[in-house]
Amino acid sequence: MLAWFARHGRDLPWRRTRDPYRVLVSEFMLQQTQVSRVTEYYPRFLERFPTVEHLARARPRAVREEWDGLGYYARASNLHALARVVSKDLSGELPSNPDELIKLPGVGRYTAGAVATFAYEKPVAAVDTNVARVIRRAFVRGNDKRVWAMAGVLVPKDGKRAWRFNQAIMELGALICVARKPKCPECPVRKDCKTGRRLASKDRRRGQRQ
């Protein structure tokens, strides 16, 4: 999967940085919004608010103006509130520990894990919809608790490798293991995937009948 990601992973601007604030902004924007749309708004937002301190000092109306068009405006309000908390109470430094990140406004379990692994290269899981779909199809069916537990087992213990793994499994879910009509023949882990093996077996039986 890592080799596949090295060849096919998209060159996205938030993958070129380890700056915690910039990673955080991308994660807030990517919630319920297509990547193609975020790539338009992300650089403009950072040009106007290049640091967490700039965002903390901004007027709510200015933040809303830069967010206008992305929708789900509660995200902008939460991001603004988070910046003010970080600026006032944390000396402008975002925590690296998911348990501390999740205490901030608008940060859930996934976002906490994503910032920890993508900004600080912590060997922690970051399970979004795409990752959960891959894990359920390939390894284990069940509730979120089981999925997160499996993700925690799968993530490499080396931080840099964990960064690549989390990006790769997320990309796999976004491009190959999609919700409708998954592209199993193109999947780099099909041989190790429960769903992939089942589909391959069906294909063989169908071929034998023909």
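Tutor: We begin with terms. Contact means heavy atoms within 4.5 Å. Helices (H or I, at least four residues) and strands (E, at least two) are DSSP runs, numbered from the N terminus. The model is a predicted one, in which local features need pLDDT of at least 70 and side-chain atom pairs count only at pLDDT 80 or more, whereas totals for chains, interfaces and linings use all residues. Residues are numbered from 1 along each chain as its sequence is written, and side-chain values use heavy atoms, with hydrogens and water left out.

Student: What covers the buried residues of helix 2?

Tutor: Buried means under 20% relative accessible area, exposed over 50%, and partly exposed in between (1.4 Å probe, protein chains only). The cover of helix 2 includes helix 3 (35-48), helix 4 (52-57), helix 5 (60-67), helix 6 (74-89) and helix 8 (109-120). Because 9 of the 11 residues of helix 2 (residues 20-30) are buried, this helix is largely enclosed by the rest of the structure. The buried residues are P20, Y21, V23, L24, V25, S26, E27, F28 and M29.

Student: Which residue caps the N-terminal end of helix 2, and what phi does Q32 take just after this helix?

Tutor: The cap is D19, with a side-chain oxygen 3.0 Å from the backbone nitrogen of Y21. Q32 has a positive phi of about 60°.

Student: How many salt bridges does the rule count?

Tutor: Side chains of opposite charge can pair when their charged atoms come close. The rule asks for a side-chain nitrogen of Lys or Arg within 4 Å of a carboxyl oxygen of Asp or Glu, and the count comes to 10 salt bridges. One of them joins E121 to R18, with the closest N and O atoms 2.9 Å apart. This pair links distant parts of the chain, 103 residues apart: E121 is in the loop between helix 8 and helix 9 (129-138), and R18 is in the loop between helix 1 (2-8) and helix 2. E121 counts as buried at 19% relative accessibility, while R18, at 33%, counts as partly exposed.

Student: Where do E65 and R61 lie?

Tutor: An α-helix has 3.6 residues a turn, so residues three or four places apart point the same way. E65 and R61 both lie in helix 5, 4 residues apart, about one turn of the helix. Their salt bridge has its closest N and O atoms 3.8 Å apart. E65 is partly exposed at 43% relative accessible area, and R61 is exposed at 67%. Salt bridges with shared partners join R48, R61, E65 and E66 into one network.

Student: How many cavities of 30 Å³ or more does a search of the whole structure find?

Tutor: Rolling a probe the size of a water molecule over the atoms shows where empty space is left. On a 1 Å grid over the protein atoms alone, a cavity is a set of points where a 1.4 Å probe fits but cannot get out; a pocket is an open set with protein on both sides within 12 Å along at least five of seven lines, and lining residues have an atom within 4 Å of a point. Grid points are joined across faces, edges and corners, and a volume is the space filled by probe spheres set on the points. The search finds 2 such cavities. The largest cavity has a volume of about 120 Å³, and R137, C177, C184, C187 and C193 lie nearest its centre among its 15 lining residues.

Student: What is the volume of the largest pocket?

Tutor: That volume is about 550 Å³. Of the 26 residues lining the largest pocket, L30, V35, D128, N130 and M170 are the closest to its centre. Helix 11 (159-175) gives the most to this lining, with 5 residues.

How values were computed:
A polar contact is a pair of N or O atoms within 3.5 Å; within protein, one must be able to donate a hydrogen and the other to accept it, and residues adjacent in sequence count only if both atoms are side-chain atoms.
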